[in-house]
Amino acid sequence: MENKKQAEAARRAKLLKMRAERLPDIKKQFEENQKRNFNANFAPGGKDEKLVRGKRKAASKATKSVAKKPIKKSNTKATKATKAAPTATDKKREVNLLVSTRKGEMVHHQRMLSQDVNAQATQHIIGIPVNKSRYNGYNGQQVTMAQIKSARQHRDAVRIIPIGGLGEFGIGKNMTAIEYQGEIILIDMGTLFASEDYPGVNYMVPDAKWLEDNRDNVKAILFTHAHLDHIGACKHLLPYFGPLVPIYATSFTIGMIKKQMSELSDVPDMNYHEVDPFRHESIKLSEHLSAEFVHILHSIPGNTSIVVRTPNGNILLSGDWRFEANPMGTPADYDRLLEIRDKEGYALLLNESTNIDTPGTHPHSEYDVGENMGRVMDHYANGRVIISCFSSQVKRIELVLKEAAARGRKVAFAGYSMINNVEVALRAKAIKIPKDTIMKMEDIIKLPDEKVTIVCTGSQGEMNAVLNRMVSGSHRYIKIKATDTIVFSSNPIPGNEPKVVSTVGGLLREGAQVIQNGKTHLTNIGPLHLSGHAYYEDHVKFVTDMQPKNYMPYHGEFYMLQHNAEMAENVVGIPKDNIIVADDGDIVELMPDRTIHKNGRIHVGNKLYDDADRQVNEAVVKDRIHISREGIFVVILTLSKKTGRLIKTPDIVSRAFIYLDNSEELIGKIRHYLRAKTDRSIASDDDIKTMKEEIKEDVTHILFDATGHTPIVIPVINKV
Ligand SMILES: [Zn+2]
Ligand SMILES: [Zn+2]
């Protein structure tokens with residue numbers, strides 16, 4: 001005990017000493033950076049140039065700085081000095097803004113705001129991301145623009161380029177390119193659901209600029225499985241390639257892609273090939289590249305890993321996977337993966353990272369989940385049972401149908417994606433359903449409650465999904481009542497917890513019973529969900545079994561990739577130099593001697609879409625964030641065409657900022673300012689332009705002075 005304490009004290013002392021030694025250096029560097037930024041900002045052309053222009057003039061006349069004079073006066077002078085617009089200098093009319101805050105304070109507020117808005121609206125990879133991981137491919141050193149610019153590709157390298165899915169905020173947008181001597185194959189085209197940080201944005205799609213530039217080189221497009229984070233971007237990206245490029249996937253996945261494409265107003269002709277992974281067929285994709293699909297388990301039918309055979313060895317892309325001792329449907333073709341390992345080996349393994357932070361291994365199977373659904377139906381036999389889960393969990397839906405049929409219950413589906421997915425699964429023969437169990441919603445509600453089971457979307461608390469509509473009473477057929485039992489057959493995706501909490505609260509307020517996965521102690525029923533992704537120990541086994549020469553984590557946020565890499569080095573024993581933690585856009589080269597390194601980057605980014613599948617510009621998102629924080633303020637002036645003079649009281653419109661009825665004094669002040677400002681003829685277009693700029697700035701200042709906020713100010717000048 002004493003020893004431990006001593007060791008801890010010694011360690012802390014050492015740390016403090018190290019920090020003390022480094023502190024002067026860090027401080028010096030910080031100060032230098034500050035100085036550099038400060039000077040650059042205030043230099044001509046810098047973003048704060050305006051703030052010093054007045055001072056500079058004064059200094060050049062060798063007079064004293066104006067800064068020390070009383071606030072109001074100095075402000076007027078500073079305004080005078082800064083408003084040196086070339087077109088209207090002589091006509092310039094100074095108006096006392098009657099404010100007590102300095103303009104610099106307003107500019108500071110605006111700058112902070114714009115930094116916040118930018119940070120919120122651009123949480124994805126742009127430029128060169130910071131990556132000083134020990135597995136970053138540059139010995140832990142941050143790669144520089146110069147290094148990237150001077151990168152020259154090796155002709156005989158196989159290039160692995162993640163276009164999306166690595167180091168994002170959230171999991172999604174999965175897309176990987178593999179290139180060899182100008183032949184490109186693509187694996188997956190996913191979407192990423194946007195967080196609340198992006199107002200009005202529903203999902204994101206990888207920016208395909210690089211693909212647009214290399215379209216003719218794309219020889220084939222492959223899909224591992226049909227989750228939206230792997231196929232969601234099809235309707236935006238596939239039409240681009242047309243029928244010349246073959247698309248390979250299992251039948252269920254192709255069905256889901258076709259369903260998605262059918263939503264397009266102009267459905268493009270595509271070249272689909274259904275793959276049967278049990279044929280162990282090596283599909284020739286181009287002169288040098290071929291691929292084999294291997295069936296592996298996940299939470300959706302038709303799921304596969306893909307082995308890409310290249311001149312520099314085999315690349316195994318794990319796709320999404322989990323181990324299951326007792327799976328529903330066909331077991332994983334794990335033996336085939338082992339067979340390829342034995343016969344050919346894997347030069348590189350790209351392994352998914354979703355649940356790398358979850359210890360252990362899956363403790364139960366889908367069958368347990370199904371049985372527990374049955375127990376819910378037994379325990380709450382007198383009321384309706386409403387089960388919400390991910391709409392792609394068609395195998396679980398099959399279990400619910402079985403349990404319901406065994407108890408004489410009928411089942412209806414609610415939610416567009418739920419109905420769609422069941423249809424596709426039936427057509428692809430991915431599920432079997434008991435006879436006479438499924439009913440339409442409008443029919444099932446006529447049955448007594450104890451016969452009714454409903455499977456619906458909304459387990460993530462999505463506002464517009466069926467479950468929430470049932471709570472709010474806006475669902476056409478179902479309104480939650482006290483005898484209902486609602487099962488959450490899922491876990492909240494990180495970030496969705498508050499929404500799930502609110503949905504659960506709404507259900508409980510209606511007096512209903514709520515049974516959530518992971519809360520077995522409350523109801524004695526569970527588990528009610530099984531994650532589709534492997535846990536830590538599963539990864540250890542998988543990577544150990546595959547014996548890859550090189551290793552690259554994918555499908556995960558940065559911390560997941562890093563933890564996955566640490567597992568591969570520390571537990572499996574893959575040497576550090578054979579492991580790469582890459583970001584979207586990094587070019588990873590696999591060489592003929594089976595070594596691996598990073599070499600340059602391609603342009604990657606995000607395209608944002610709303611819930612009507614229309615693209616949203618990032619500038620629009622920034623405006624929305626700005627307005628949501630500060631509001632919008634419109635000033636409308638009406639001038640006579642003849643005289644150029646104001647002919648009526650200025651109109652003022654305020655939205656999301658202040659409630660006008662309670663702000664007479666402030667509005668009076670602005671009207672007064674506007675009258676004084678326009679107390680002359682404004683005739684030319686130049687005059688109007690200058691006037692608009694000045695009004696925008698002055699009104700912003702008056703509003704900031706009164707409220708501490710800087711809404712978007714829009715001056716409108718009409719001539720009648
Ligand atoms: Zn998946
Ligand atoms: Zn996935």
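Q: Which residues have the most contacts inside the largest nonpolar core?
A: Bear in mind that this is a predicted model. The largest nonpolar core has 63 residues, and those with the most contacts inside it are Leu186, Met189, Leu211, Ile221, Phe223, Leu238 and Phe252.

Q: What is Leu186 in contact with, leaving aside its neighbours within four places in sequence?
A: With those neighbours set aside, Leu186 is in contact with Ile163, Met175, Thr176, Ala177, Leu211, Val218, Ala220, Ile221, Leu222 and Phe241. There's also a second, separate core of 57 residues, which includes Val275, Leu348, Met552 and Val588.

Q: OK, zooming out. How many helices and strands are there in the protein?
A: The protein has 22 helices and 26 strands. Of its 720 residues, 51% are buried. And if you take contacts with a separation of 6 or more, 73% of them are between residues 24 or more positions apart.

Q: Let's pick a helix. How many residues does α20 have?
A: Helix α20 has 13 residues, 618-630. From first C-alpha to last it reaches 18 Å, close to the 18 Å expected at 1.5 Å a residue.

Q: Which residues of α20 are buried?
A: Those are Val621, Ile625, His626 and Glu630. They sit on the same side of α20, because they cover an arc of only 145 degrees around the axis.

Q: And what do the buried residues of α20 pack against?
A: They pack against one helix region, α4 (103-121), along with β22 (606-609), β23 (615-616), β24 (632-639) and β26 (712-719).

Q: What goes on at the start of α20?
A: There, a side-chain oxygen of Asn617 reaches to within 2.8 Å of the backbone nitrogen of Ala619. After the helix comes Gly631, with a positive phi near 90 degrees.

Q: You mentioned β22 and β23. What is the order of the strands in their open sheet?
A: That sheet has four strands in the order β4-β5-β22-β23, with antiparallel pairing. The edge strands are β4 (192-193) and β23, each pairing on one side only.

Q: How many bridges join β4 to β5?
A: Two bridges, and the strands run antiparallel, with β5 covering residues 203-206. In β5, Tyr203 is the bridge partner of Phe193.

Q: Switching to loops: where is Gln460?
A: Gln460 is in the loop between β16 (452-456) and α15 (466-472).

Q: Is Gln460 buried or exposed?
A: Gln460 is buried, with a relative accessible area of 3%. Leaving aside neighbours within four places in sequence, its contacts are Phe390, Ser490, Asn491, Pro492, Ile493, Asn496, Lys499 and Val500. A polar atom of the Gln460 side chain lies 2.7 Å from the backbone nitrogen of Ile493. Gln460 and Gly495, 35 residues apart in sequence, are 9.7 Å apart in space, C-alpha to C-alpha.

Q: One last residue. Where is His533 found?
A: His533 is in another loop, the one between α17 (520-523) and α18 (536-546).

Q: Why does His533 count as buried?
A: Because its relative accessibility is 13%, and buried means under 20%.

Q: What joins the side chains of His533 and Glu352?
A: A polar contact of 2.8 Å. Glu352 is also among the contacts of His533 beyond four places in sequence, which include His298, Asp320, Trp321, Arg322, Thr354, Asn355, His362 and His555.

Terms used. Residues numbered from 1 in each chain as written. Chains lettered and ligands numbered in written order. Predicted model: local features only at pLDDT ≥ 70, side-chain atom pairs only at ≥ 80, totals over all residues. Heavy atoms only, no water. Expected span 1.5 Å × (residues − 1). Buried < 20%, exposed > 50% of the residue type's maximum accessible area, 1.4 Å probe, protein only. Arc of directions from axis to C-beta. Contact = heavy atoms within 4.5 Å. Polar contact = N/O pair within 3.5 Å; in protein donor to acceptor, adjacent residues only side chain to side chain. Pairing = 2+ DSSP bridges. Core = buried A, V, L, I, M, F, W, Y, C linked by side-chain atoms within 4.5 Å.
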